[in-house]
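Please work through the exercises below with the sequence and the model side by side, trying each task before reading its solution.

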Amino acid sequence: CAILAFLEKRLHKVVPEMFDLFVTPLVSVFVTVLVTFVAVGPIFVWAENAILGLIQALLTLPFGIGSFIVGLFYAPTVVTGIHQMYTAIDLGQLAQYSVTYWLPSAANIAQGGAALAVAFKTRDAKIKGLALPSALSAFMGITEPAIFGVNLRFFKPFIAGCIGGGCGALVCALTSLAASGTGVTGIFGILLCLAQPVQYAIMFAVAALVSFAVSFVLYKDEPKASEQA
């Protein structure tokens with residue numbers, strides 16, 4: 001999109017007005033597609049493979065250190081959108097081990113716990129009305145409302161969610177928690193871990209409670225304009 005917008009703006013300035021309606025879109029799209037296939041595509045494929053390789057290497061580190069790091073930084077990758085590529089990790093592990101040790105549930109639950117702390121601590125009715133359903137949504141596995149609507153907005157709850165996600169992922173590693181499939185997170189993620197329901201419940205509790213506690217301590221309502229005056 002950035003390449004297309006750049007080309008279109010430049011072409012509008014140099015293409016005569018009588019040809020602009022036809023030439024500008026055609027040339028812009030053609031050049032963008034060409035550049036994407038020749039340069040942008042290969043670069044992003046290399047970057048994705050490098051990230052996936054790094055994550056696989058981290059997951060093999062002893063004492064759950066790598067899992068803690070992955071859980072800590074999972075939410076920031078959701079913000080950038082590159083979390084979509086993690087399906088490759090799930091599919092690779094399922095093919096090799098018949099289970100996957102890649103469990104994003106911890107990070108999702110943690111963001112819900114951080115948003116829930118905001119709902120409990122804030123005195124602003126609008127923020128409370130946004131934070132509470134966002135937290136429940138995150139516990140169900142849909143984190144975008146909590147991340148973009150609450151946690152990133154105030155930033156400290158987002159950091160708290162990352163910390164809780166790391167702790168939850170650490171529990172996953174220490175208890176060898178594994179899922180029999182992919183795609184379901186949050187509360188319903190236990191359906192993929194029916195062989196280890198106790199471990200999943202412990203992970204859920206640790207991720208939620210740690211993020212809730214850290215967020216509750218760090219979060220403070222922003223002063224209103226009248227109070228600042």
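Predicted model: local features only at pLDDT ≥ 70, side-chain atom pairs only at ≥ 80, totals over all residues.

Residues are numbered from 1 along each chain as its sequence is written, and side-chain values use heavy atoms, with hydrogens and water left out.

**Exercise 1.** Locate threonine 100 and decide whether it is buried or exposed.

*Solution.* Begin with the helices (DSSP runs of H or I, at least four residues, numbered from the N terminus): threonine 100 sits in the loop joining helix H4 (87-97) to helix H5 (105-121). Next, take its relative accessibility of 0%, because of which threonine 100 counts as buried (under 20% relative accessible area; exposed is over 50% and partly exposed in between, with a 1.4 Å probe and protein chains only). Finally, list its contacts (heavy atoms within 4.5 Å): beyond neighbours within four places in sequence, threonine 100 meets Asp90, Gln93, Leu94, Ala178, Ala179 and Gly181.

**Exercise 2.** Find which residues touch the most other members of the largest nonpolar core.

*Solution.* A nonpolar core is a set of buried Ala, Val, Leu, Ile, Met, Phe, Trp, Tyr and Cys residues joined through side-chain atoms within 4.5 Å. Among the 28 residues of the largest one, the answer is Ile109, Leu177 and Met203. H5 gives the most to this core, with seven residues.

**Exercise 3.** Compare the exposure of phenylalanine 63 with that of phenylalanine 155.

*Solution.* Phenylalanine 63, at 70% relative accessibility, counts as exposed, whereas phenylalanine 155, at 48%, is partly exposed.

Definitions and conventions. Helix = DSSP H or I, 4+ residues; strand = E, 2+ residues; numbered from the N terminus.
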